[in-house]
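Trainee: I've only just opened this one and I'd like a close look at a single part, please. Could you walk me through how the helices pack there?

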Amino acid sequence: MEWSMMFVFNSVLLGVGLAMDAFSVSMANGLNEPKMKKGKMCGIAGVFAGFQSVMPMIGWICVHTIIQYFTAFGKFIPWIALILLAYIGGKMLYEGIQSKDSNEEKSSLGIGALLIQGIATSIDALSVGFTIAGYGWLMALAAALIVAAVTFVICMAGLLIGKKFGTKLSNKAQILGGSILIVIGIEIFITGG
């Protein structure tokens, strides 16, 4: 493929498709922490964007170097996403149920949980390395950066939506957010990544 508007358009569409899981998880994070500051929101969206750009590049490298190992790993992607999102979602659900009657401050998203979310929502992006395998290194990198930019914008929107409804839902927000993560994990598992 050559540099063109069609390349940019295809990369944007790829970014939108890949960012949907991260959007949902961002919305759940916003629900869980309705008083989240803008800096933290940018950090969360940045982590998701980073993972969404790194994973396709890893996939591209695998296609060009160690494809036989990557294809063997591919069947585990849905399981990994299910386990990671079910763990985080279950923890949020448990904490939401535990604090249902209390008015204590909700726990904020830690860096460990955020990294797990980033991996879980972007692991399917490894397979995008096959999609962009025909690109040269520079074009693959440009596509990955476009995916990152699109993911950042979509995740910020998810966080804003989650924050808005999180304030209105009060204690139910953490339960809803945890449920959303579990459903996303199941959906990734059922559809196979």
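Which kind of crossing is it where H1 passes H2, left-handed or right-handed?

Mentor: H1 passes H2 in a right-handed crossing; a crossing is called right-handed if the near helix is turned clockwise from the far one by less than a right angle, and left-handed if anticlockwise. Before we go on, bear in mind that this is a predicted model, where local features need pLDDT of at least 70 and side-chain atom pairs count only at pLDDT 80 or more, while totals for chains, interfaces and linings use all residues. Residues are numbered from 1 along each chain as its sequence is written, and side-chain values use heavy atoms, leaving out hydrogens and water.

The protein has eight helices and zero strands (DSSP runs, H or I of at least four residues for helices and E of at least two for strands, numbered from the N terminus). Going along the sequence, the pattern reads α-α-α-α-α-α-α-α. Of its 193 residues, 46% are buried (under 20% relative accessible area with a 1.4 Å probe, protein chains only; exposed is over 50%, partly exposed in between). Take contacts between residues at least 6 apart in sequence (heavy atoms within 4.5 Å): 93% of them join residues at least 24 apart.

Back to your pair. H1 covers residues 5-32, and H2 covers residues 38-64. Their axes lie 11 Å apart, at an angle of about 160° (axes are lines fitted to C-alpha atoms over the stretch in contact, with angles from 0 to 180 degrees between N-to-C directions). That makes H1 roughly antiparallel to H2 (over 145 degrees; under 35 is roughly parallel, 65 to 115 roughly perpendicular, the rest oblique). On the H1 side the contact is made by Leu18, Ala19, Ala22, Val25, Ser26 and Asn29, and on the H2 side by Ile44, Phe48 and Gln52.

Zoom in on Ser26. Ser26 has a relative accessible area of 0%, so it is buried. Leaving aside residues up to four places away in sequence, Ser26 touches Phe48, Cys155, Gly158 and Leu159.

Phe48 also belongs to the contact between H2 and H5. There the axes come within 9 Å and cross at roughly 40°, which means H2 is oblique to H5. This crossing is right-handed. From H2 come Gly43, Ile44, Val47, Phe48, Phe51, Gln52 and Met55; H5 brings Leu114, Leu115, Gln117, Gly118, Ile119, Thr121 and Ser122. H5 itself has twelve residues, 111-122, and reaches 16 Å from its first C-alpha to its last, close to the 16 Å expected (1.5 Å times one less than the number of residues). Among the buried residues of H5 are Leu114, Gln117 and Gly118.

Two more stops. Ile58 is in H2 and is partly exposed, at 36% relative accessibility. Its C-alpha is 6.4 Å from that of Leu126, though Ile58 and Leu126 are 68 residues apart in sequence. Finally, the structure holds one salt bridge (a side-chain nitrogen of Lys or Arg within 4 Å of a carboxyl oxygen of Asp or Glu). Glu33 and Lys40 form it, at 3.0 Å, N to O. Glu33 counts as buried at 15% relative accessibility, whereas Lys40 is partly exposed at 26%.
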